[in-house]
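This report describes one protein model for a reader who has its sequence and structure at hand. Please keep both in view while reading.

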Amino acid sequence: MEATGSVGEAPGGRRVLVVGGGIAGLGAAQRLCGHSAFPHLRVLEATARAGGRIRSERSFGGVVEVGAHWIHGPSRGNPVFQLAADYGLLGEKELSEENQLVETGGHVGLPSVSYASSGARVSLQLVAEMATLFYSLIDQTREFLHAAETPVPSVGEYLKKEIGQHVTGWTEDEETRKLKLAVLNSFFNLECCVSGTHSMDLVALAPFGEYTVLPGLDCTFSKGYQGLTNCMVASLPEDMVVFEKPVKTIHWNGSFQEAAFPGETFPVSVECEDGDRFPVHHVIVTVPLGFLKEHLDTFFDPPLPAEKAEAIRKIGFGTNNKIFLEFEEPFWEPDCQLIQLVWDDTSPLEDAAPALQDAWFRKLIGFVVLPAFASVHVLCGFIAGLESEFMETLSDEEVLLCLTQVLRRVTGTHHTRQFLPLLSVGPTGAAAQAEALAEPSLLCSSCAGGDFNLA
């Protein structure tokens with residue numbers, strides 16, 4: 001939000017407030033901190049820590065990522081990678097030229113092992129064949145970015161239409177054809193996690209190619225992603241970030257005076273939940289999209305312009321959950337990195353929607369094997385969409401019971417020793433609304449100053 005018109009240059013310099021201490025807010029503060037035009041800068045963070053959805057916790061004898069997990073496309077064009085490199089947070093392998101040149105196409109790597117829900121192992125050759133088909137179609141969806149029109153509205157509809165045509169050319173027996181469709185369905189579930197959506201039918205086809213895919217083999221932070229935001233906070237002047245200071249309302253497009261600044265008039269006054277007010281010339285809002293959706297009617301006074309409010313309402317916002325399972329002994333091979341789960345008799349071409357309480361776990365894509373911490377062995381599962389939200393309504397014990405039954409059935413082995421469900425939520429949506437939302441708002445010129453069925 002910017003001030004224009006009759007608001008004069010403040011004698012003490014422009015006052016800027018950043019609302020939100022996630023990586024976006026910290027990045028904005030870093031950019032403005034050394035600028036002589038903005039000598040008065042402050043960041044308000046609602047919680048007791050900075051980082052937002054970047055959150056690393058000590059658990060299972062090591063570090064686990066509750067939120068952001070990887071740097072996707074770690075190469076010179078990636079600002080997160082550049083920051084991590086500048087702060088010395090990455091290892092020699094991650095920084096190598098070889099790693100930065102790997103072209104993944106933005107796709108998740110192939111699983112190390114694939115289990116069918118019947119308990120049989122799925123041929124990795126068949127999985128690779130279906131991955132090639134699925135990702136080639138995903139690449140095709142990006143080609144409609146500047147097209148005058150699209151054949152269907154959504155990514156999901158396009159994928160299913162193309163797969164349906166491929167199926168007609170399959171010559172294998174019925175059992176193999178059904179298995180191929182089940183494997184493809186698992187890739188749909190994976191793509192739902194990548195896109196943060198319940199269904200790819202909810203992801204618009206036309207703007208899907210706006211996402212820029214960068215080269216580089218996805219990498220992690222050995223000591224935790226939060227080390228990045230910790231370094232960013234440390235780079236700012238002491239006390240610039242104010243913690244446990246939730247904002248109630250941003251009063252803007254006005255003319256506010258404060259006794260602490262005699263003779264000055266401010267177009268914005270930021271009111272906090274504890275009653276404190278911060279008069280400023282500019283405010284940068286970096287709060288999560290979910291928060292904006294929930295508090296849109298009360299967070300801004302006066303309300304935001306119609307186009308911004310519409311953008312907030314229209315941008316999609318989905319749910320991803322992480323599930324951490326600890327094992328006394330690993331049932332996976334030492335070099336295993338990704339375990340895929342394939343649910344028999346599922347197909348992306350069928351719109352069957354069984355009751356969530358009976359089949360929520362079928363949205364689970366499988367598990368990433370975390371680096372071993374001493375004698376601790378941990379898997380991190382991913383699940384998205386309405387099934388993910390339903391899982392949140394269950395107790396830890398209910399989730400553990402269900403997933404233990406699933407793993408016993410598909411692998412025929414092992415009890416889990418400890419269970420810790422952790423939540424990570426992320427937004428999705430068309431960039432057109434995102435760009436509208438990101439544009440500064442200009443103040444008007446007249447302003448002054450039980451058992452689970454696994455079948």
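## Surroundings of H69

Leaving aside neighbours within four places in sequence, H69 is in contact (heavy atoms within 4.5 Å) with C219, T220, Y225, K322, L370, C380 and F382. The side chains of H69 and K322 are joined by a polar contact of 2.9 Å. A polar contact is a pair of N or O atoms within 3.5 Å; within protein, one must be able to donate a hydrogen and the other to accept it, and residues adjacent in sequence count only if both atoms are side-chain atoms.

H69 sits in the loop between strand β4 (62-65) and helix α2 (79-86). Helices (H or I, at least four residues) and strands (E, at least two) are DSSP runs, numbered from the N terminus. With a relative accessible area of 9%, H69 is buried. Buried means under 20% relative accessible area, exposed over 50%, and partly exposed in between (1.4 Å probe, protein chains only).

## Basis of the model

The model is predicted: local features need pLDDT of at least 70, side-chain atom pairs count only at pLDDT 80 or more, and totals for chains, interfaces and linings use all residues. Residues are numbered from 1 along each chain as its sequence is written, and side-chain values use heavy atoms, with hydrogens and water left out.

## The protein as a whole

The secondary structure comprises 14 helices and 16 strands. Of the 455 residues, 48% count as buried.

## Residue I23

I23 belongs to helix α1 (residues 23-33). Its relative accessible area is 31%, so I23 is partly exposed. Not counting residues up to four places away in sequence, I23 touches G51, I54, V80, L228, T229 and M232. I23 and L228 are 205 residues apart along the chain, and 8.8 Å separates their C-alpha atoms.

## A four-stranded sheet

An open sheet is formed by four strands in the order β9-β8-β7-β11, with mixed pairing. Strands β9 (277-280) and β11 (300-301) are at the edges; each has a single partner strand, so one side of each is left without a neighbour in the sheet. Two strands pair if DSSP finds at least two bridges between them.

Strand β7 (residues 247-251) pairs with β11 in the parallel sense over two bridges. I250 stands opposite F300 in β11.

## Residues 364-386

In an unreviewed entry, UniProt lists residues 364-386 as "transmembrane region"; such annotations may be inferred rather than shown by experiment. Over residues 364-386 the chain in this model is 9% helix and 52% strand. The end C-alpha atoms of this stretch are 12 Å apart.
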